[in-house]
Amino acid sequence: MEWDKLWTINKKIIDPVCPRHTAIVEERRVLLTLINGPEKPFVRIIPRHKKYEGAGEKATTYTRTIWLESADAESIKVDEEVTLMDWGNAIVKGIEKDQDGNLKLTGVLNLEGSVKTTKLKLTWLPQTDELVKLCLMEFDYLITKKKVEEGEDFLDVLNPCTEKETAALGDSNMRNLKRGDILQLERKGYYRCDVPYIRSSKPIVLFLIPDGRQQTGFK
């Protein structure tokens, strides 16, 4: 059986039960200031999995300034309405870019807006000191083809890059992860915790679990 089929079967087993968490790639992350956002941060307790009560609950902090991923921020246009997942809609009113290309956004919450009308559904994190450091690890195949043909030099099909490491920030609930725990990072994929939280200076290490979709290789 092909590996991709095994990963697809595995996804069907873990998806209905594994908890959901949020991570933002650290590099060039973008701050969105919500003009009418909460003056003081507040916390809501929400399910870790909307369809599986057994996954437990997590505490989500809502703040006036929030972090977005650079790739998401770059796809937003002025006056565009977007959905902030697990919060509601917001309208981006201003986009500033400095000489180094770093973005800064301002917007207003529009919690009465319909999530059905927005094109972008964005993951976000509050701007707080409670966020945890993550190291997201992704592994590729050792060779670039399914089978080495007879007479073919193994070195010619050796994959030059089989490991990718991405620095990210995660929600504070991830401090409670234990080694071997399986979770889904919203809009990123499924992961297994390899090194749990020890202290704030040391990142939590998460290994990506393939889901059966074709790999495109690392850049």
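Predicted model: local features only at pLDDT ≥ 70, side-chain atom pairs only at ≥ 80, totals over all residues.

User: How many disulfides does the structure hold?

Analyst: Zero disulfides. Take Cys161: the nearest cysteine sulfur belongs to Cys135 and is 14 Å away. A disulfide needs two sulfurs within 2.5 Å, so Cys161 is in none.

User: Is Cys193 buried or exposed?

Analyst: Cys193 is buried, with a relative accessibility of 0%. Cys161 is partly exposed, at 31% relative accessible area.

User: OK, switching to aromatics. How many aromatic pairs are there?

Analyst: The count is six aromatic pairs. One of them is Tyr62 with Trp87, whose ring centres are 5.0 Å apart.

User: Why does the Tyr62 and Trp87 pair count as edge-to-face?

Analyst: The planes of Tyr62 and Trp87 sit at 75 degrees, and anything over 60 counts as edge-to-face, so that's the label the pair gets.

User: Where do Tyr62 and Trp87 lie in the chain?

Analyst: Tyr62 is in strand E5 (residues 57-62), while Trp87 is in the loop between strand E7 (81-84) and strand E8 (88-97). Those parts are 25 residues apart in sequence, so the pair ties them together.

User: Are those two buried or exposed?

Analyst: Tyr62 is buried at 0% relative accessible area, and Trp87 is buried as well, at 12%.

User: What about Tyr62 and Trp124?

Analyst: Their ring centres are 5.6 Å apart and their planes are at 50 degrees, so this pair is tilted. It links distant parts of the chain, with Tyr62 in strand E5 and Trp124 in the loop between strand E10 (121-122) and strand E11 (125-126), 62 residues apart. Trp124 is buried too, at 5% relative accessibility.

User: Which residues form the aromatic cluster with Tyr62?

Analyst: Phe42, Trp87 and Trp124 form one cluster together with Tyr62.

User: Last topic, charges over rings. What sits over the ring of Tyr62?

Analyst: The charged end of Arg44, 4.8 Å from the ring centre. That puts Arg44 over a ring that belongs to the aromatic cluster.

User: And which residue lies over the face of Tyr197?

Analyst: Arg175, at 5.1 Å from the centre of the Tyr197 ring.

Methods: Residues numbered from 1 in each chain as written. Heavy atoms only, no water. Buried < 20%, exposed > 50% of the residue type's maximum accessible area, 1.4 Å probe, protein only. Phe/Tyr/Trp six-rings, centres within 6.5 Å; stacked < 30°, edge-to-face > 60°. Helix = DSSP H or I, 4+ residues; strand = E, 2+ residues; numbered from the N terminus. Lys NZ or Arg CZ within 6 Å of the ring centre and 35° of its normal.
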